[in-house]
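The following text walks through a structure in steps. Please keep the sequence and the 3D view open while reading.

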Amino acid sequence: MTDKDLHQRAMEELKDAYDFDHRDPLYGLNRDDIRGDTISRRATLRLLAAGGALSMAHVLPGLRPGAAMAAGHSGGALDCAWSGVGEIVTLDPAQINQVLQFQIASNVMSGLMHIDNSLVAQGDLAESWDVSEDGLMYTIKLREGVTFHNGDAFDADDVVFTFNRSSDPEQSIHSRVIGNVAQLEKLSDLEVRFTLKRPQASFLTKALERASGRAMTIVSRGGIEALGLAQYGLTPVGTGPFRVTSHQQGQNLVLEKFADYYDPERPKLDKITITPVDGVEPLAAAMEAGDIQYIGGNPVPAQLVDRFKNNSDLTVDVKPGPGFQSVWMNPWRDYMKVTDFNKPIEELKQEKGFMVRLAIAKALNRDLFIQQGRLGNGVPAHGTINPAMGFYFDETLAETSEQAYDPEGAKALMAAAGYPGGDGFPEIKLQTTPNTKRDGQVVANILKQVLGISVAVDPKDFSVGIEEFQKMDFDLRLGGSGGDYDPDDGLVDWMQTSSKFNGPTRDKEAMPFGFFSEADADAATDEQSVTASPEARRELVQAANAITSNKVACGFLYHPVDILVYSNAVNVPADARIPGLHELDRISLA
Amino acid sequence: MAAYILRRLIGAALVMIAVATLVFFMLRLVPGDPIAAMLAEAGSDEAREALTRKLGFDQPLIVQYFKWFGNMLQGDLGASIYGSNQPVSKIIVEALPRTLSLAFLSFVIALIIAIPAGIIAATRKNSAADTAVSLFAFLGLSMPDFWLAILLIIVFAANLQWLPAIGYEPLSAGLWPWLSHLILPSIAIGTGFSAIIARMIRSAMLEVLNADYMRTAASKGLPTRIILLRHAFPNALIPVITVIGIAFALLISGAVVVENVFAIKGLGRVLIQGIQNRDYPVVQGAVLVVSAFFVLSNLLVDLLYAVIDPRIRYS
């Protein structure tokens with residue numbers, strides 16, 4: 001095939017693929033299109049287009065640049081570093097509290113569902129599923145012939161066992177994730193039915209998801225009984241593509257191919273050794289020396305990205321990441337006090353405390369911060385909804401939000417609040433972790449430059465910082481979320497009055513709410529959670545997102561980008577590239 | 001001698017109990033909520049309360065202390081409250097061989113450099129060799145070990161690719177895999193200690209070399225090598241042994257920075273991560289072991305005095 005023929009075929013395929021309105025690709029897509037045992041190519045293309053992720057590579061897979069590479073060898077061993085961490089403290093889904101842990105656990109244990117590289121839920125141990133008209137009942141047919149690593153057969157009893165275990169807060173820290181499930185019934189050995197208390201749009205992508213969900217990541221009763229809980233946390237038994245054959249906590253973790261995995265095409269690799277590396281230079285040296293060929297775990301340190309990009313032996317792949325980072329402002333501090341966010345925005349703008357909050361948010365030069373703090377790696381944020389969510393991301397918010405960067409407006413607000421040029425404004429503290437101290441210093445410099453206020457960076461161990469944040473005992477805090485695959489992750493978990501992070505241990509008499517509380521945002525968030533129609537849900541998500549942005553729930557700073565670094569000797573096909581996750585079973589050696 | 005050792009051991013046990021008690025209560029005074037650290041993003045009031053009950057944090061502090069102390073006397077150090085709740089004894093038993101391997105090899109490297117350097121500097125006082133040893137000592141003392149560690153990684157792991165940059169292999173995996181993973185971290189740690197010990201040997205040797213019995217030995221016509229190694233060096237060892245004893249104990253807990261750089265989970269790293277996570281049982285257990293090493297190495301040093309200098313007798 002000549003280049004000309006190739007081009008013509010590609011253009012024809014692309015034209016055929018877009019047999020829908022590109023301005024609203026989801027129009028006409030109904031419930032039947034996204035249930036069952038698979039999602040049609042047409043529906044998939046529409047979802048990809050809606051997410052802004054449709055490319056020539058998807059319509060013409062055989063032509064995409066990585067296609068030849070994706071056909072790498074089966075077998076072989078891969079050495080990985082898990083960045084920014086000293087040890088993998090647990091792989092038991094019931095106890096996992098960090099993204100870098102479920103990145104590994106997701107390769108060892110299966111769930112009922114698993115998101116794909118377009119963040120669309122696909123069946124994992126669920127072979128097919130049906131949703132009742134009222135959105136309250138999910139009937140799931142389970143995959144047949146699946147076995148655990150210890151040889152036990154998987155069936156509906158394991159789903160019930162996992163559900164019961166995860167529902168019990170004594171046994172699991174994720175009981176809240178499935179708090180909306182009224183009942184789980186075993187219909188047969190290979191069929192279960194979840195009945196929800198109220199409809200939940202994110203049920204498949206969040207509650208039943210095997211990686212970030214964790215509550216319904218299927219555990220082995222036999223494995224837990226045989227190993228005991230402590231050992232199960234180190235070497236869990238699952239039905240996933242890899243089994244853990246050795247785990248020296250803090251030293252290394254060895255995964256080996258599970259020969260009886262339900263998909264005979266996966267995993268490609270025979271063995272993976274994961275070493276936690278909590279240092280920048282050792283990580284770089286180990287990668288450059290070839291001691292490791294792939295980096296997972298916490299995001300690759302920003303200062304290494306260009307160095308790796310300049311190394312012709314390495315591939316650096318950058319994608320929008322799931323998450324957001326913000327400057328949280330305590331509304332109970334006198335100088336930025338807001339006791340009622342429900343007032344109309346124009347009324348709020350007359351209050352001195354709100355003026356200061358808005359001034360700080362407007363002063364955040366996000367581009368400069370990303371350049372200096374993240375060394376160019378990030379996307380300016382104005383809300384919790386991140387670009388990795390594609391379809392739900394509101395690109396106009398950067399222009400329309402009250403928080404849009406406006407140094408003159410910010411200065412005017414500070415002056416109106418009684419602090420012209422920062423005069424008379426007290427020195428305040430910006431809490432960071434030791435690892436984000438540098439980011440904090442950049443924020444402090446920006447605020448000093450634009451508003452003239454003094455901000456002292458106050459790095460604290462995570463255990464201290466999180467306690468003060470939850471008690472609402474801080475001035476400013478730098479932080480956010482790293483694994484938001486569904487709008488619920490940002491809105492429900494952070495932005496509602498009842499959100500789990502919203503000052504849960506504060507003095508509730510002195511502070512009726514935590515860092516933010518707004519009735520319209522609460523209502524829109526509640527409604528989007530129960531709205532099945534993607535278009536209607538998007539409207540509600542973006543409405544809630546805009547309220548939290550305009551009324552300064554926090555000063556949104558940036559969305560991280562997902563940077564994957566691997567040796568050219570490794571094949572990472574497109575379907576293995578899910579931001580924030582590592583689909584090790586799809587990876588092979590060149 | 002036996003009675004002396006027994007008395008010292010009883011004293012050591014009391015010191016360890018005092019340390020353990022102090023650490024138990026001081027840890028509770030340090031800001032930071034272990035439950036919040038454990039739950040991180042997953043926190044809910046229900047889960048928080050359930051965990052508090054499960055870990056016994058809802059009980060009075062004194063009850064918690066006696067419960068922990070009673071278990072400790074029976075050899076049970078408890079379980080980590082973080083992650084997969086590993087038994088503390090298992091965590092320590094896994095980390096200890098790595099720390100001991102690292103400490104031992106660092107120690108050997110330090111002595112290999114320090115003994116000849118110290119002797120040469122003392123016997124050739126104010127010579128170019130003495131100046132070179134002094135310069136090395138200043139360099140060794142002023143170079144942060146993590147900086148040297150990174151330098152070694154860049155040169156020997158990344159550029160020359162002779163040795164691995166990170167990780168640890170147990171001795172059971174083979175002598176070379178074990179050694180190859182320890183050479184760079186041991187040099188990084190051992191260099192600083194060798195500088196201290198070399199300076200110590202030099203000053204102790206200078207003192208001994210001026211003693212009357214050294215002149216007697218020389219006037220008897222003994223060769224310089226015999227004078228130095230048989231008469232001068234053993235007599236100079238008493239202050240050196242004291243420093244070496246403390247240095248070895250420090251290596252047990254103090255190699256944390258280098259352990260971190262080379263991704264080796266030794267006792268120091270266990271301790272630091274325990275503190276960061278407010279993992280009380282792990283910190284208490286690790287401090288207990290570290291204090292045991294300090295007490296025992298001091299005892300060993302005292303006993304070595306008697307071996308080196310027969311005039312010293314314990315009763």
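The model is predicted. Chain A contains 21 helices and 21 strands, while chain B contains 13 helices and 0 strands. Read along its sequence, chain B is therefore a run of α elements, α-α-α-α-α-α-α-α-α-α-α-α-α. The C-alpha trace of chain B spans about 85 × 55 × 35 Å along its principal axes.

In chain A, 56% of the 590 residues count as buried; in chain B, 40% of the 315 residues do. Among contacts with a separation of 6 or more, residues 24 or more positions apart account for 70% in chain A and for 71% in chain B.

Next comes the nonpolar core. In soluble globular proteins, nonpolar side chains tend to be buried together. The largest nonpolar core here has 243 residues. The residues with the most contacts inside this core are A:Ala286, A:Val327, A:Ala359, A:Leu447, B:Ala198, B:Ile201 and B:Ala286. Helix H5 of chain B, residues 88-123, gives the most to the core, with 15 residues.

Strands of a sheet pair through backbone hydrogen bonds, either parallel or antiparallel. E4(A) is joined by 5 bridges to strand E5 of chain A, residues 137-142, and the two run antiparallel. Within that pairing, A:Ala126 has A:Leu142 of E5(A) as its bridge partner.

The interface between the chains comes next. In it, 47 residues of chain B are in contact with 44 residues of chain A. On the chain B side, helices that each supply at least two residues include helix H2 (34-39), helix H3 (45-54), helix H7 (145-159), helix H11 (256-261) and helix H12 (267-276). By class, this side of chain B has 25 nonpolar, 13 polar and 9 charged residues.

H12(B) is mostly covered, with 7 of its 10 residues buried. Those buried residues are B:Leu267, B:Gly268, B:Arg269, B:Val270, B:Leu271, B:Gln273 and B:Gly274. After H12(B) comes B:Arg278, whose phi is positive, near 50°. H12(B) also packs with H5(B), at an angle of about 135° and with the axes 7 Å apart. Because of that angle, H5(B) counts as oblique to H12(B). H5(B) contributes B:Ile91, B:Ile92, B:Ala95, B:Leu96 and B:Thr99 to the contact, and H12(B) contributes B:Leu267, B:Gly268 and B:Val270. By class, this contact has 6 nonpolar, 2 polar and no charged residues.

Some local backbone features remain. Most residues other than glycine have a negative phi, and most peptide bonds are trans. A cis peptide bond joins A:Arg266 and A:Pro267, with omega about -5°. A:Pro267 is found in the loop between strand E9 (252-257) and strand E10 (271-277) of chain A.

A:Met472 is not a glycine, yet its phi is positive, about 60°. This residue sits in the loop between helix H18 (462-471) and strand E17 (476-481) of chain A. Is A:Met472 buried or exposed? A:Met472 counts as buried because it has 23 C-beta neighbours inside 10 Å, and the cut-off for buried is 20 or more.

B:Asn126 likewise has a positive phi, about 65°, although it is not a glycine. Its place is in the loop between H5 and helix H6 (128-142) of chain B. B:Asn126 has 8 C-beta neighbours inside 10 Å, so it counts as exposed; the cut-off for exposed is 12 or fewer.

Terms used: Residues numbered from 1 in each chain as written. Chains lettered and ligands numbered in written order. Predicted model: local features only at pLDDT ≥ 70, side-chain atom pairs only at ≥ 80, totals over all residues. Helix = DSSP H or I, 4+ residues; strand = E, 2+ residues; numbered from the N terminus. Contact = placed C-beta atoms within 7 Å. Core = buried A, V, L, I, M, F, W, Y, C linked by C-beta atoms within 7 Å. Pairing = 2+ DSSP bridges. Nonpolar A, V, L, I, M, F, W, Y, C, P; charged D, E, K, R; others polar. Axes fitted to C-alpha atoms, helices over the stretch in contact; angles between N-to-C directions. Parallel < 35°, antiparallel > 145°, perpendicular 65-115°, else oblique.
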